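Hi,

Here is the structure I promised to pass on.

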Amino acid sequence: MIHELLLALSGYPGTIFTWNKRTGLQVSQELPFLHPSEASVLNRICKLGSDYIRFTEFIEQHTGHVHQQEHHTNQPNQVGLHGIYLRAFCTGLDSMLQPYRQALLELEQEFLGDPHLTISHVNYKLDQFQLLFPSVMLVVETIRSQKIHGCQILETVYKHSCGGLPPVRTALEKILAVCHGVMYKQLAAWMLHGLLLDQSEEFFVKQGPSAGGPASSQEEEEEDLGLGGLSGKQLRELQDLRLVEEENMLAPSLQQFSLRTEMLPSYIPIRVAEKILFVGESVQMFENHTHGPSRAGSISILKHQEDTFAAELHRLKQQPLFSLVDFEDLIDRIRSTVAEHLWTLMVEEADLLEQLKIIKDFYLLGRGELYQVFIDLAQHMLKTPPTAVTEHDVNVAFQQAAHKVLLDDDNLLPLLHLTVDCQGKDSKETAGPRDGATPPQDTSPREAPPTGWAALGLTYKVQWPLHILFTPAVLEKYNVVFRYLLSVRRVQSQLQHCWALQMQRKHLTSSQTDAVKWRLRNHMAFLIDNLQYYLQVDVLESQFSQLLQQINSTRDFESIHLAHDHFLSNLLAQSFILLKPVFHCLSEILDLCQSFCALVSPSVAPLDERGAAQLDLLVKVQRATLSDVVRSDDVPSDPNSLKPQGFKRQSFLLFKILSSVKNHQINSDLARLLLRLDYNKYYTQAGGTLGR
């Protein structure tokens with residue numbers, strides 16, 4: 001009977017000790033010579049055999065033997081437990097069972113040597129497994145029932161290993177060490193060679209963009225936060241540094257990999273995972289580039305330390321316990337090596353500072369004299385809707401402007417190209433469903449832009465390796481700033497041209513209409529000049545000098561990348577492109593200024609009756625009260641619902657917005673613009689209304 005018991009405990013039940021899938025291994029109740037207390041002791045021992053049989057079944061089912069996989073060759077998408085982490089768990093589980101098998105072998109030898117040993121001796125020898133097996137079985141059942149997959153197995157085993165039972169903790173730590181071996185192999189392939197070896201989607205790095213969180217409810221999207229009409233969605237756009245219409249941008253980011261956060265074990269911080277992602281992306285980018293024939297002799301991005309880092313990873317793999325301190329220290333050393341090499345490539349070899357100066361000169365209108373000449377040359381081409389030849393003509397004008405200001409850099413000019421989108425945007429794009437909703441199948445014709453200025457853009461051929469900093473999405477954001485700054489500069493130029501006309505007529509007798517006209521021009525120029533000064537000095541020059549200072553103070557590429565993202569985000573935020581109420585109001589003011597210039601520029605002669613009526617519409621507030629537009633403590637959350645009003649009304653709306661927003665972060669930018677416009681309190685004394 002003892003031998004029957006040992007066989008049953010080894011996974012081979014018989015007639016005395018029977019197996020049932022529901023109740024497990026039990027002593028037969030048909031044995032009349034067994035006392036109930038003996039049967040109770042035997043059944044207690046049999047629980048170990050039940051767990052052992054279930055352990056071995058689980059291992060045999062998931063160790064990936066060829067004969068087991070043959071049944072599933074035609075079902076690649078079959079739902080079920082699979083993957084290399086699961087096989088590693090089974091390997092660790094099998095090694096955990098080895099002491100149990102050894103104990104059974106020793107018991108058999110002891111019974112052969114002393115036939116008088118009792119069942120109590122078996123119970124005593126196997127008592128050490130009475131706490132271990134149920135705890136490990138709980139882990140197995142959790143993995144089986146919840147279909148735990150990939151690196152989530154690491155998290156499951158780790159959580160169960162944090163208990164207070166030393167045998168359980170020791171056994172699960174050994175299983176976890178085996179599972180970590182798989183992770184270290186994936187880390188070595190990804191961080192040292194840029195290879196993502198993850199056929200079953202088990203690693204915490206994946207190819208493709210990161211999955212967005214669940215869609216927010218309508219109440220969250222439109223929640224008014226009391227920030228001068230700024231809704232919850234608008235504030236998140238400002239905080240997340242997204243453009244108002246970023247979802248409509250055509251140029252995607254070049255980022256091909258992202259974190260699969262649901263697979264990341266809790267004991268590996270997200271900051272460490274982001275470093276791992278950065279290193280792998282950088283190594284892969286560099287490896288893909290150096291595989292070209294022209295770069296065959298390039299220096300390794302890891303400075304030929306791959307073998308050293310591989311040995312370090314192998315050393316960590318051999319450690320019985322995972323040490324976050326040692327792990328993060330090695331990740332930091334690899335990241336520092338990669339980041340420093342990328343910094344050298346960017347700053348020294350690719351001359352990043354010169355490239356940033358080019359971006360500033362052309363996208364941010366740093367070469368003001370160039371664009372002043374260009375505006376004069378291209379005004380007649382772009383004031384009407386664009387045609388198929390507009391883009392060619394505009395680029396010819398751009399080249400001519402460059403020559404006129406003695407900008408004859410043969411290496412630089414071919415990299416720059418002005419684009420004119422003749423088709424514009426789909427009307428369905430701007431008014432269609434958002435947040436991933438399925439668009440309608442029928443598409444309406446594209447809406448042509450009203451003028452060439454509205455369709456103007458600038459492209460720049462970014463050289464390797466600067467493309468990882470100046471991605472298409474980044475250049476598109478620069479383009480948004482470019483169009484905005486160019487519109488302000490163009491309006492300023494037109495108002496200055498009107499001033500020249502005024503100087504030509506100063507010796508003539510002025511009528512009452514002339515006084516209104518030139519006073520309005522003076523107020524418009526006052527507002528636009530101060531807006532331009534704010535944008536160029538308070539925003540662009542200030543932020544650009546901070547960016548250069550941050551680049552010169554580090555030798556880390558990630559710090560440069562972060563500083564540049566911060567720079568671009570501040571441009572979008574502080575120029576109010578992200579703040580709809582202010583941006584809409586400024587756009588309306590720019591349109592009113594252009595309408596005024598179109599009215600008074602054609603001739604130096606006094607305005608006729610019709611022109612005087614149009615001027616009156618440009619100046620005056622319509623009969624609707626100001627409370628219809630803005631309350632003393634609020635700003636309309638949907639500025640697009642406002643129809644264009646007179647300059648008085650728009651200037652008052654701007655003043656009310658600038659002085660009403662209570663949020664400190666936003667208010668600091670608005671306060672600087674208000675300080676420029678109201679430096680002598682004229683704006684305040686006029687009741688916040690210009691154009692009177």
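This is a predicted model: local features need pLDDT of at least 70, side-chain atom pairs count only at pLDDT 80 or more; totals for chains, interfaces and linings use all residues.

Below is what I found, residue by residue.

Residues are numbered from 1 along each chain as its sequence is written, and side-chain values use heavy atoms, with hydrogens and water left out.

Let's start with Pro-134, which sits in helix α7 (residues 129-146); helices are DSSP runs of H or I, at least four residues, numbered from the N terminus. Pro-134 is partly exposed because its relative accessible area is 42% (buried is under 20%, exposed over 50%, partly exposed in between, using a 1.4 Å probe and protein chains only). Not counting residues up to four places away in sequence, Pro-134 touches Asp-51 and Phe-129, contact meaning heavy atoms within 4.5 Å.

Next, Asp-351 is in the loop between α14 (324-349) and α15 (352-362). With 38% relative accessibility, Asp-351 counts as partly exposed.

Asp-361 belongs to helix α15, and its 10% relative accessibility is why it counts as buried. Neighbours within four places in sequence aside, Asp-361 contacts Gly-366, Arg-367 and Tyr-371.

Last up is Gln-494, in helix α19 (residues 472-504). Gln-494 is at 16% relative accessibility, so it counts as buried. Leaving out residues up to four places away in sequence, Gln-494 touches Gln-379, Gln-594 and Cys-597.

Cheers

Notes:
Helices (H or I, at least four residues) and strands (E, at least two) are DSSP runs, numbered from the N terminus.
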